[in-house]
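Please look over the chains of this model and how they pack against one another. The report below is meant to be read beside the sequence and the coordinates.

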Amino acid sequence: MRLISNMSNKTILASLCLMLSITACSNNTAAPEDQSSATVSPSTAVNETNKDEKVELTFYYPIAVGGPLTATVEGMAQEFTKQNPNITIKPVYTGSYADTAVKTQAGVQSKNPPDVAVLQSTELFSLLDMDAIIPLDDYIAEEGGDSYLSDFYPAFLSNSQTGGKTYSIPFQRSTIVLYYNKDLFQAAGLDPEKAPQTWDEMRDYAKKLTKDGTWGLEIPVSGYAYWMLQTFALQNGNNLMSEDGKKVMFNTPENIEGLQYWSDLAKKDKVVPEGVTEWGTVPSDFLEGKTAMMYHTTGNLSNVKKNAKFNFGVSFLPKNKSYGSPTGGGNMYIFKDIDKKKQDAAWKFVQFMTETERAAQWSMDTGYVAVKKSAYETERMKKYTTDFPAALVARDQLEYAAAELSTHNNGKVIKALSDPIQAVLTGSMTPEEALNKAQEEADKALAPFNK
Amino acid sequence: MDNRRFRFHWKTNTFAWLLLLPSLLFLFLFTFYPIAKTVKLSLFQADLATLVPVFIGLDNYTNLIGDEVFWKVMSNNLWFAIGTVPTSIILAILMAIYCNKAMRGTSMVRISFFYPTMIPMIAVANVWLFIYTPQYGLLSRLMKSIGQGDINWLGSPQYVMWAMVIMVVWKEAGYFMIFFLAGLQNIPHDLYESAQVDGVGRWTVFRKITFPLLMPTTLFVSIVALTNSFKLVDHIMIMTKGGPNNASNLLLYYIYESAFSFWDQGMASTLTVVMIGVLLLFATLNFFGLDKKIHYR
Amino acid sequence: MLLKKLKISRWLLYGCAALWLVPLLWMTVTAFRPREIALSPSFSLDFTLDNFANVWSAAPFAQYYINTIIIVVCVFAVQMLTATMAAFAFARLEFMAKNVVFMLFLVQIMIPADVLIFPNYNVLKELFLLDTKLGIMLPYFASAFGIFLLRQMFKTIPPELDEAAEIEGYSKWTILWKIYFPLSRPTYVAFGLVSVSYHWNNFLWPLIVTNSVENRPLTVGLAIFAQSFEIGAQWTEVSAATLLVIAPLLIGFLLFQRQFMNSFIHSGIK
């Protein structure tokens with residue numbers, strides 16, 4: 001009996017060792033990235049003077065734009081390495097803007113952030129609260145300070161700056177524009193060269209364009225309800241938040257009027273589909289002629305241009321008191337708690353990605369607004385915009401554009417606003433109730449930051 | 001003799017515990033330790049405003065009671081459970097009874113009921129999203145072809161839960177069918193034969209023989225189904241993100257939002273504690289409600 | 001009369017089964033339709049493989065496949081080991097605090113790791129295992145379900161077999177692997193089916209744990225692929241990607257469905 005037990009103990013030990021080796025070997029296959037980053041840092045410490053030392057940057061980026069998503073960005077990364085042989089870029093596609101934000105912040109929380117990332121410009125305060133990013137002012141000063149920054153459109157920079165510092169560089173930026181189907185305009189007896197200019201005109205046009213099976217206008221709601229409300233808020237007076245990201249002004253009479261107008265289009269005039277319209281289906285509806293007009297990001301311009309089987313126009317969003325649209329899209333951030341060498345390399349990469357010629361090309365490929373003014377002076381851009389003037393609409397609208405909703409505790413504040421807007425559009429709240437509730441919830445979420 | 005006996009026990013004990021060790025290690029590391037940690041963190045304020053967690057006692061819990069979204073999410077989850085659990089169980093029993101008969105095409109039928117089990121929820125959500133999409137979704141096309149108006153299933157608070165329930169029943173009923181098929185194997189054949197001899201109707205046979213003898217399976221399956229209705233949230237990520245206005249939001253998704261979108265770790269922990277409480281409540285109900293033998297005989 | 005009734009219910013059954021197949025058919029049809037006409041109301045016989053080509057080149061699905069396979073296989077291999085050992089202890093050995101330990105495992109059935117996403121994320125952070133495959137697998141290495149299933153099976157094996165083997169000089173450890181393990185094959189198949197399909201399908205946990213392509217499983221890859229189109233939903237490509245993801249498991253199941261079903265039904269799951 002004893003013998004048996006002894007033997008079994010030995011075999012147990014052996015099997016435990018086996019198990020450990022299984023887990024160990026799966027560990028090895030699991031984390032090549034960790035190992036490489038671990039080997040990089042000591043070597044950088046040793047070879048301070050060596051110019052050829054290798055730096056590898058992890059680069060998180062969201063959103064499929066302009067063709068196969070990995071190919072485009074990887075091509076740019078390789079181009080960069082060609083110019084800077086000692087820096088390799090490891091692009092990691094991380095899904096939608098929201099997914100990318102989650103991944104990045106999770107990385108920050110676990111002390112393993114990316115080195116550089118494209119994130120929504122509105123993540124500024126969340127990232128600052130986590131102490132995740134570095135100000136770029138020193139780098140900017142080396143490039144010429146204000147004169148460097150002045151080439152960027154100020155409306156885009158407004159989401160990058162707070163407290164006198166600049167924390168991110170605009171990369172793929174947009175405004176919301178009105179796309180309209182010229183053929184359907186003609187069929188409805190409207191002048192196809194003239195888009196609606198005011199809220200009243202818009203209602204009028206949409207009524208004429210609404211037919212059985214075709215909506216007059218579609219405004220996407222899911223995920224971006226706050227962004228769309230911002231258009232009406234800006235057209236009716238003021239933006240929704242303060243520059244320091246600590247206060248929101250949701251329940252002003254102007255905003256209530258704006259939301260009322262939006263919900264009336266659906267409920268009273270029946271020219272916009274009721275309920276929550278998916279962000280993703282709006283462009284398909286437009287391309288299929290199921291809606292005659294749509295509000296959508298200019299980042300969609302190349303897609304519409306390529307796939308529309310009809311003549312289409314692009315114009316400013318209609319105004320009430322003034323024209324207006326929030327900006328949108330992604331900026332490039334450089335992260336804290338990484339090697340200084342990596343930060344320097346990351347800055348080089350950021351500059352490379354936003355170079356005038358590249359900004360122009362990126363804009364032509366996607367429809368996003370080129371973030372630099374000089375990009376519109378380049379030959380290729382001049383030629384492109386003469387053939388296709390619609391590409392200039394979003395840029396020209398920048399004159400009336402303002403920062404996208406961005407505050408401390410951004411996730412909660414945006415939910416505090418988006419949920420009640422959805423409630424209005426699905427008919428369970430009045431605009432006034434909704435925005436009062438949004439204000440109350442957002443104030444609660446912001447209270448700790450106003451102490 | 002006594003000494004040997006003692007040694008024998010000691011050896012068996014060691015052997016048994018060594019056999020259990022690996023399982024116990026992972027059990028503690030990923031079930032008991034995190035539960036303890038969660039309970040602790042639920043007593044702290046730990047969000048974007050506080051880089052170092054601050055002890056606040058039960059404040060998170062009192063805040064939760066005042067949180068409308070929390071109550072909405074709880075009632076959604078309740079309705080989701082009420083919608084999915086009985087329906088999929090009844091369907092599963094019917095499927096199993098019919099699939100248990102030797103008929104032509106039975107195996108095809110079985111496959112077609114069971115295959116959704118093999119599809120990831122994420123993939124299911126992609127497919128059904130294109131079924132529910134207004135204008136060119138399958139459902140919308142069908143409704144148009146019979147002259148009905150278009151309904152934005154996922155965009156209206158009154159329909160979105162129904163849409164989700166139907167999808168989940170489609171996915172789960174076949175899985176539960178398998179358990180019932182197994183249960184049916186254990187019912188002695190002669191019971192049916194003697195019932196047939198006595199000329200008992202089919203409904204009576206079901207009521208008096210099949211259903212009572214399937215009871216253990218039914219109870220087991222209903223626990224699985226109930227737990228699933230609280231842990232299945234993958235589809236929300238793809239289809240609605242909890243919208244419109246939280247009409248399709250469920251508890252686990254709200255935990256995900258709190259943790260990884262609001263970065264409110266204290267609240268995420270508090271919600272997790274509530275979730276654990278709910279699941280333990282089911283377990284107790286189960287424990288008292290039924291014959292203990294069913295599970296772990 | 002009875003015959004007629006039977007006929008009707010049988011046709012009802014066939015109809016129901018056909019209904020169950022509709023989503024799969026709908027997706028398959030969409031996946032093979034050219035993008036331009038996928039949304040038009042008319043039906044046509046146009047057929048294309050472009051969608052699959054696009055999907056394959058647009059995202060590293062091959063890598064995702066490898067990741068998922070590694071995860072699924074490793075999890076099941078370790079589970080088999082740990083669960084067999086624990087199940088044997090519960091089925092055949094008398095030891096201190098047996099019932100208490102048994103209750104501890106019951107807790108895992110009641111509170112599955114899936115609902116502990118946030119605390120387990122923190123545990124993984126403490127272990128420095130975020131964004132590793134091991135991190136995805138670790139919480140599932142102990143499977144109470146597997147333990148109970150195998151324990152039930154082991155109890156049906158006559159103890160006389162052990163005694164005979166012990167007389168032959170086998171240790172309990174050897175008996176476990178030489179006798180109990182092979183005799184319980186159908187149970188392992190059933191357990192494998194449950195485990196593999198569970199981890200093939202698992203989404204939320206790998207989503208929050210992984211960042212990099214090297215560790216991202218299929219489900220997460222599919223989800224971020226489907227959500228990536230800011231320019232609007234690309235139904236045909238999403239359908240093609242979905243089909244790519246589910247095809248291997250579906251085909252595997254179709255090929256072996258009889259074995260799977262039978263061993264599941266006779267595995268002692270009650």
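## Basis of the model

This is a predicted model, in which local features need pLDDT of at least 70 and side-chain atom pairs count only at pLDDT 80 or more, while totals for chains, interfaces and linings use all residues. Residues are numbered from 1 along each chain as its sequence is written, and chains are lettered from A and ligands numbered from 1 in the order in which they are written.

## Chain A

The secondary structure of chain A comes to 20 helices and eleven strands, where helices (H or I, at least four residues) and strands (E, at least two) are DSSP runs numbered from the N terminus. Of the 451 residues in chain A, 53% are buried, meaning that 20 or more other C-beta atoms, placed from the backbone, lie within 10 Å of the residue's own. Among the contacts in chain A with a separation of 6 or more, 75% are between residues 24 or more positions apart; two residues are in contact if their C-beta atoms, placed from the backbone, lie within 7 Å.

## The largest nonpolar core

A nonpolar core is a set of buried Ala, Val, Leu, Ile, Met, Phe, Trp, Tyr and Cys residues joined through C-beta atoms within 7 Å. The largest one has 303 residues, of which B:Met177 and B:Ile255 touch the most other members. Helix α7 (residues 157-185) of chain B gives the most to this core, with 15 residues.

Leaving aside residues up to four places away in sequence, B:Met177 touches B:Ala92, B:Met95, B:Ala96, B:Cys99, B:Phe113 and B:Phe114.

## Helices α3 and α7 of chain B

The axes of helix α3 (residues 68-99) of chain B and α7(B) come within 6 Å and cross at roughly 40°, the axes being lines fitted to C-alpha atoms over the stretch in contact, with angles from 0 to 180 degrees between N-to-C directions. α3(B) and α7(B) are therefore oblique to each other, since angles under 35 degrees count as roughly parallel, over 145 as roughly antiparallel, 65 to 115 as roughly perpendicular and the rest as oblique.

By class, the contact of α3(B) with α7(B) has 20 nonpolar, five polar and one charged residues; Ala, Val, Leu, Ile, Met, Phe, Trp, Tyr, Cys and Pro count as nonpolar, Asp, Glu, Lys and Arg as charged, and the others, Gly among them, as polar.

## Contacts between chains

Between chains C and B, 74 residues of chain C are in contact with 75 residues of chain B. Helix α13 (residues 235-265) of chain C supplies the largest share of the chain C side, 14 residues, and that side has 57 nonpolar, twelve polar and five charged residues.

Terms used. A residue is buried if 20 or more other C-beta atoms lie within 10 Å of its own, exposed if 12 or fewer, and partly exposed in between; C-beta atoms are placed from the backbone.
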